[in-house]
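Visitor: I would like to learn how to read the strands and helices of a model. Please take me through one.

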Amino acid sequence: MNRTRAMAWDVDGTLVDSEPLHLRALQSVCDAHGVDITDYGDTPFVGVAIGDVWRLLATRFESKFVQQSGNAEDEFRRAVTRYYLEHSSEVRVLPGARQALEHLSSLGVSLAAVSNSERPIVLANLKTIGVLDLFQVVVSLDDVGQPKPAAEPYLRALAAMAVPAREAWAVEDSVSGARSARAACLRVLIVGEDEMAQGDQRLNDLRDFQQWWTTTGSQSRPAQHESTQLATTGENE
């Protein structure tokens with residue numbers, strides 16, 4: 001049986017506990033402009049691309065941005081990203097994350113980071129973990145026309161690594177990410193306790209990853225029909 005040649009990793013919530021910082025960054029910008037988002041609950045917009053967050057909140061900001069650039073969305077996104085990057089060292093690396101990535105790298109397995117965050121945030125998170133140099137491919141929000149849950153991010157990662165889906169896994173923690181990976185015909189390892197996220201295998205956390213890899217993950221699946229073209233349409237949540 002052939003071996004798994006590549007692993008495509010979500011970052012936020014899978015490798016790092018970044019959602020609290022994402023929320024703080026968003027809340028900081030909202031507070032600065034008098035925008036209330038409490039009606040979205042305690043943990044809003046998990047796994048949601050920043051562009052989609054803006055579309056949900058745009059009417060609340062109205063003309064509150066100075067719009068020096070002429071684009072309120074750009075100003076909003078820059079402000080959120082700036083806060084995140086200024087505090088990126090505060091992100092908590094999830095247990096077992098670095099060890100899992102170093103183990104795969106030592107075996108010659110190709111690694112891709114596939115994220116709905118903007119590229120500067122993805123790179124900052126990987127630097128915080130100390131594994132940026134282990135990744136051959138990084139696919140961020142800036143690199144796609146349709147972010148997760150559409151298939152495009154994972155299809156781009158597979159194309160960049162020149163690996164068929166049957167010889168790779170995606171590692172995800174969210175509903176949106178799992179849907180994206182499945183749409184790209186990848187097997188999906190879910191990490192964490194979100195029961196709504198559907199995958200082929202599940203781990204409570206990455207401290208169990210090396211055992212899972214030895215018993216299950218290292219084997220590719222038989223050849224079957226796979227997506228080979230970038231998706232032109234995607235499903236929206």
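Visitor: Which residue in S6 does Met7 stand opposite?

Guide: Met7 faces Trp169 in S6. Some ground rules: this is a predicted model, in which local features need pLDDT of at least 70, side-chain atom pairs count only at pLDDT 80 or more, and totals for chains, interfaces and linings use all residues. Residues are numbered from 1 along each chain as its sequence is written, and side-chain values use heavy atoms, with hydrogens and water left out.

Visitor: How many bridges join strand S1 and strand S6?

Guide: Two strands pair if DSSP finds at least two bridges between them. Helices (H or I, at least four residues) and strands (E, at least two) are DSSP runs, numbered from the N terminus. Here S1 (residues 6-9) and S6 (residues 168-172) pair in the parallel sense over 4 bridges.

Visitor: What is the order of the strands in the open sheet?

Guide: The order is S5-S4-S1-S6-S7-S8, 6 strands with parallel pairing. At the edges, S5 (137-139) and S8 (201-203) each pair on one side only.

Visitor: At what angle do helix H3 and H5 pack?

Guide: Axes are lines fitted to C-alpha atoms, for helices over the stretch in contact, and angles run from 0 to 180 degrees between N-to-C directions. For H3 (residues 72-86) and H5 the angle is about 10°, with the axes 10 Å apart. H3 is therefore roughly parallel to H5, a label for angles under 35 degrees.

Visitor: Which residues make the contact?

Guide: Contact means heavy atoms within 4.5 Å. Thr81, Tyr84 and Leu85 of H3 meet Pro120, Ile121, Ala124 and Asn125 of H5.

Conventions:
Parallel < 35°, antiparallel > 145°, perpendicular 65-115°, else oblique.
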